[in-house]
Amino acid sequence: QVQLVESGGGLVQAGGSLRLSCAASGSFFSINAMGWYRQAPGKQRELVAGIISGGITKYGDSVKGRFTISRDNAKNTVYLQMNSLKPEDTAVYYCNADCTSRYGGRYDYWGQGTQVTVSS
């Protein structure tokens, strides 16, 4: 099993910043890609940012220019630096990892989520 543990969420004023972390642990051979998704009440889950092993990143249009995703491959950890936060960013943020198992299969894993609340 692979476990993803998110941390860093909380309450922040509009215009503030937060840094989310997601650490992968358990049994796997490698992590091919990691990313962050979010889901607000009444809305669909959406991609916030993703990063692959080679460092290529992708951002959702609503966060581009404000959020930055990074990855520490040695620690199997992905980060999301969130700046200039807006109330619209309020959501549960979920970490996602595309992993290759020790026997070669590829599987998608999700963290339990961390709440980010931005007050106006």
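I take a residue as buried when its relative accessible area is under 20%. By that cut-off R66, with a relative accessible area of 11%, is buried. I note at the outset that the model is predicted.

**Entry 1. Salt bridges**

I searched the whole structure for salt bridges and found four. I then asked which residues are linked in a network of salt bridges. The network consists of R38, E46, R66 and D89.

I looked up D89 next. D89 has 2% relative accessibility and therefore counts as buried. One of its partners is R38, with the closest N and O atoms 2.9 Å apart. This pair links distant parts of the chain, since D89 is in the loop between β8 and β9 while R38 is in strand β4, 51 residues apart. I recorded both D89 and R38 as buried.

D89 also forms a salt bridge with R66, at 2.8 Å from N to O.

I turned to another pair, R106 and D98, whose side chains meet in a salt bridge at 2.3 Å, N to O.

I placed T100 in strand β9. At 13% relative accessibility, T100 counts as buried. I asked which side chain makes a polar contact with the side chain of T100. The partner is N32, at 3.0 Å. Setting aside residues up to four places away in sequence, I listed the residues that T100 touches: F28, F29, S30, N32, G105 and R106.

S101 is in the loop between β9 and β10 (106–110). With 9% relative accessibility, S101 counts as buried. Beyond its neighbours within four places in sequence, S101 is in contact with F28, F29 and Y107.

I asked why β8 is largely enclosed by the rest of the structure. Five of its six residues are buried, and β8 is therefore largely enclosed.

I examined the pairing of β8 with β3 and found six bridges, the strands running antiparallel. Within this part of the structure, C22 has V78 in β8 as its bridge partner.

I then examined β7, which pairs with β8 in the antiparallel sense over six bridges. Here D72 stands opposite T77 of β8. β7 and β8 form a hairpin, with four residues between them. In the turn, N76 has a positive phi of about 50°.

**Entry 2. The largest nonpolar core**

I looked up the largest nonpolar core, which has 31 residues. Which members touch the most other members? They are L4, W36, L80, M82 and Y93. I listed the strands that each supply at least two residues of this core: β1 (2–7), β3 (18–26), β4 (30–39), β5 (46–52), β7 (67–72), β8 (77–82), β9 (91–100) and β11 (114–119). The largest share, five residues, comes from β9.

Definitions and conventions. Residues numbered from 1 in each chain as written. Predicted model: local features only at pLDDT ≥ 70, side-chain atom pairs only at ≥ 80, totals over all residues. Heavy atoms only, no water. Core = buried A, V, L, I, M, F, W, Y, C linked by side-chain atoms within 4.5 Å. Buried < 20%, exposed > 50% of the residue type's maximum accessible area, 1.4 Å probe, protein only. Pairing = 2+ DSSP bridges. Polar contact = N/O pair within 3.5 Å; in protein donor to acceptor, adjacent residues only side chain to side chain. Contact = heavy atoms within 4.5 Å.
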